[in-house]
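Please open the model in your viewer and keep the sequence panel beside it. The tour moves from one selection to the next, with a short account of what is found at each stop.

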Amino acid sequence: MKDKKTTNDKLDQLASHTTSNDDTKLTTNQGLKINDNQNSLTAGERGATLLEDFILREKITHFDHERIPERIVHARGSGAHGVFRLKKSLKQYTKAKFLTETDRETPVFVRFSTVAGSKGSTDLARDVRGFAIKFYTEEGNYDLVGNNIPVFFIQDAIKFPDLVHAVKPEPHNEIPQAASAHDTFWDFISLMPESMHMIMWVMSDRAIPRSFSRMEGFGVHTFRFINDEGKAHFVKFHFKPKLGVHSVAWDEAQKISGVDPDFHKRDLWESIESGNFPEWDFGVQLIPEEDEDKFDFDLLDPTKIIPEEEVPVEIFGTLTLNRNPDNFFAETEQVAFHPGHLVPGIDFSNDPLLQGRLFSYTDTQLSRLGSPNFHEIPINRSVNPVHNNQRDGHMRQQIVKGKVSYEPNSIGGGCPFQAMMSEGGFASHQERVSGTKIRARSESFVDHYSQAKLFYNSQSDYEKTHLQNALIFELSKVTIPEIRERVVGQLNFIDKSLAQTVASKVGVEVKELEFPNQSLPADSNPADLQSEEREAHTRASEALSMANTVKNTIQGRKIGFIVASGADFGIINDLKNKLEDQNAVVEIIAPSLAPVKTDKGDALTPKHSLTSTASVCFDALFIGAGEEAAKELMNAENKHKVLQFINEAYQHCKAIYFGEGTEVIYKSSNVAVKKHEDPAIVNWEDSDPDHKFTEAIANHRVWELEAERNA
Ligand code: HDE
């Protein structure tokens, strides 16, 4: 996996806008060399500062304007460069060159984000994650601005400001930050039955991922592919992580938010720096246009998935992230995505949520980046040269020569010319449309519960428990009982026992709902939609459960080795090498940051002390090894911290390996009290402990033993 960084010409082209301060003299922005960067210009040594100090004024003015408005949503983000490689041509379906020519490598920039929190909020909030990809194709930039959840809260763009106002901190006191657990969010949700499918996903562990590299990516809306003959297919986009889809526990997420709020950002950065490049399979679900009406839901409804049992995801390529940005602001902050950045061969559908997004993204860049010239910022530039008659505006970079800025023209020889379709000119798909001008939701959008049920029914028992607990947590923060009651009423349409369990913990009764439902035709009742035919489509879909994900690799897993002086160097080094050979990351934790002298005299350099980190920052723990080390770890100063590490890792269902000589630690921990079989607890008596440990790490967690471990 540690392949070389891509040296793609186009990436170099993008990188050529970078600058370095190595071996240079300090200058003003006008290039004037600065002689004193320590003192302002004053009238005498103890006198007032002079207005004429243009160096001071330039520096302070620039500083005063360093911040730009953060994104209205998705403000908190992390980005990386990479490459898209096509393995199998999609020529039969689309004429987009980056999806048809298998010898082509397309540079990409990907930005992951949370939705609700501010730029400085924690990575581990319970939230949807943005998964936005800019493909720098030879035919222009193509942006796929997706999420890690394949559906959305609302069906129509006109509801988006309401949704976002409801989830953001409440306007009177700006509380809570980066959290949906409050009155206004659940008030809105309780009155929006169309959000219930999405609610199942955001209350599941999908909303607290272990890392960006262990999340799926979805285009969400149905798009269109158009091939050379002009034939269209509907398409859904998927990115499936090679490392599997894995999450943390909610208790863990809350603690990580305190110990390391940059947990995901750091993981992405460190993975790429160490050559553990995050990678996804790129797949599509394809539906011929003539099959549009074959489903019992509407393909244009963004609150619906197409179950993989009905239309399989076919894999065509890979997405690999292999280069960290050089400058967070210039790249990750200034990157501007837009679902309307298209290339020939890809087009929209009439999904009313997508249609609204097509307006929003340019509009928002105008206030966020401050100019219609945001496409000239290096990270946003197309690698295909831009030629048009647009001119001027704030911060224009391009210097276009000549006196012609209009078309048609004869003075400029008619240039630049329109491109014919055969020359790569974009032409919108010629879809036949007819209808009355109307504000109404199609009847085909009306079933809000079948797929919510499908999702819930597809979860393993422990995933159901986590989902229930998430709802209980969130609703327990809602101060108005009527809101809690309405949400429980909604859950009752999905699963009666789920509604009952939640109701019993949040102090309300399960009641039949009577509520205003703005999205439904006045005479329809959502309960009527629970026909037998629909029930048949709610049984289960394997792809929806994280229990069925990839569990065969320890790549990128972080393993904490808790050691102390006198530790058995042979055992430690051997295990460390074995784990690192499989691209896991081993970090030494010791009582202090001083080098640890082992039994053989070799020194181990700790990355953390027992005080500077916590078990929630690791996927697994190795304790030891050796009696001398165990003694120090159990002395009055360290005992409490060591046991806290172990007991917490145990509670969060992690793999724990007690090395030779650490029986005294094992016996004092909660682990020894439990008598059940536990494949993720490894000790000196196991026949092949290293192998058992590796398998347990690859499995991620023993969630199925959570109840026993926490009993
Ligand atoms: Fe966005 N969304 N969105 N969104 N969205 C933005 O654009 C908007 C929606 C998504 O890393 C904003 O540049 C509307 C769905 C991502 O820079 C803004 C509607 C999906 C990102 C905006 C939606 C997304 C954004 C804020 C409903 C999943 C971060 C800053 C009609 C398919 C991109 C910006 C990045 C960002 C509007 C719904 C994904 C305000 C109006 C559905 C990943 O333009």
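Predicted model: local features only at pLDDT ≥ 70, side-chain atom pairs only at ≥ 80, totals over all residues.

Begin by selecting residues 27-415, which an unreviewed UniProt entry annotates as "domain: Catalase core".

**The iron atom.** Next, centre the view on the iron atom of the ligand, whose only protein donor is the OH of Tyr 361, at 1.9 Å. If you colour by secondary structure, Tyr 361 will be seen in helix α9, which covers residues 352-368.

**The shell around the ligand.** Now select the residues that surround the ligand, of which there are 22; the closest are Arg 71, Arg 111, Ser 360, Tyr 361 and Gln 365. Which element supplies the largest share of this shell? Helix α9 does, with six residues, while β3 (129-137) and β4 (140-147) each supply at least two. Coloured by residue class, the shell divides into 10 nonpolar, nine polar and three charged residues.

With the side chains shown, find Arg 71, where a polar side-chain atom lies 2.8 Å from an oxygen atom of the ligand. Then turn to Gln 365, which likewise places a polar side-chain atom 2.8 Å from a ligand oxygen.

**A loop residue, Thr 100.** Move on to the loop between β1 (77-86) and β2 (105-114), where Thr 100 is placed. Is Thr 100 buried or exposed? Thr 100 counts as buried because its relative accessibility is 12%, under the 20% limit. Apart from neighbours within four places in sequence, its contacts include Leu 86, Leu 90 and Lys 95.

**Backbone details.** Most residues other than glycine have a negative phi, and most peptide bonds are trans. Against that background, select His 74, in the loop between α2 (54-64) and β1, where phi is positive, near 60 degrees. Glu 174, in the loop between α3 (160-167) and α4 (183-190), also has a positive phi, of about 55 degrees; with 52% relative accessibility, Glu 174 counts as exposed.

Finish with two cis peptide bonds: one runs from Cys 415 to Pro 416, with omega near -10 degrees, and the other joins Gly 624 and Ala 625, with omega about -5 degrees. Pro 416 lies in the loop between α9 and α10 (450-458), whereas Ala 625 is in the loop between β16 (620-623) and α16 (627-633).

Terms used: Residues numbered from 1 in each chain as written. Heavy atoms only, no water. Donors = N, O, S within 2.8 Å, 3.2 Å for Na, K, Ca; no water. Helix = DSSP H or I, 4+ residues; strand = E, 2+ residues; numbered from the N terminus. UniProt positions renumbered as here; feature names shortened; annotations may be inferred. Near = heavy atom within 4 Å. Polar contact = N/O pair within 3.5 Å; in protein donor to acceptor, adjacent residues only side chain to side chain. Nonpolar A, V, L, I, M, F, W, Y, C, P; charged D, E, K, R; others polar. Buried < 20%, exposed > 50% of the residue type's maximum accessible area, 1.4 Å probe, protein only. Contact = heavy atoms within 4.5 Å.
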